[in-house]
Amino acid sequence: MPEPTPSATAAELALLPYDEAAARIDTLLASLELHPDAAVRDGVAELLQLVDALHRTPLARLVALLETYAWDGGGASVPPLDRALADAVIARLLQLYDLAPLPADAAPPEPPSSGLITPEQLRATLPRVPAE
């Protein structure tokens, strides 16, 4: 699939493979980090923080639910959270929110190229949300 353009529809973007979508987000963020208007750069940083906050609570609750699920084997040989983490896309999403361990061979994050907050810095500023 060719790289999406600003005119790509939501339906077209939804068809992007996960890795391509992540790379496209990185590209867009890198270009916005260079925007000459500080208000735009600040707005992008705030947007990222709000999206993170919006997703962090339900994801933390989902992980807590899976961790505490009264798993009795149920005919399956792997507990639910382990099964979820075996899915690379689910594991990557949970890793973004520090809800799953990073792979042992994961590269350390690169330092930011501008004043915009990186996802790693963002994660470090947000408190863990306990499950209710």
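## Ground rules

A residue counts as buried here if its relative accessible area is under 20%, exposed if over 50%, and partly exposed in between (1.4 Å probe, protein chains only). This is a predicted model, so local features need pLDDT of at least 70 and side-chain atom pairs count only at pLDDT 80 or more, while totals for chains, interfaces and linings use all residues. Residues are numbered from 1 along each chain as its sequence is written, and side-chain values use heavy atoms, with hydrogens and water left out.

## Helix α3

Let's start with α3, residues 38-68; helices are DSSP runs (H or I, at least four residues), numbered from the N terminus. Its buried residues are V44, A45, D52, R56, L59, A60, V63 and A64. One of these, R56, is also where α3 bends by about 25 degrees, with P58 following within four residues (the bend is the angle between axes fitted to the seven residues ending there and the seven starting there).

## The core

The largest nonpolar core consists of L59, A60, V63, L81, L94, Y97, L99 and A100. Helix α3 supplies the largest share, three residues. Such a core is a set of buried Ala, Val, Leu, Ile, Met, Phe, Trp, Tyr and Cys residues joined through side-chain atoms within 4.5 Å.

## Meeting α2

On the α2 side, L29, L32 and E33 touch V40, R41, V44 and L48 of α3, contact being heavy atoms within 4.5 Å.

D98 sits in the loop between α5 (88-96) and α6 (119-125). Though not a glycine, D98 has a positive phi of about 55 degrees. D98 is partly exposed, at 35% relative accessible area.

Terms used: Helices (H or I, at least four residues) and strands (E, at least two) are DSSP runs, numbered from the N terminus.
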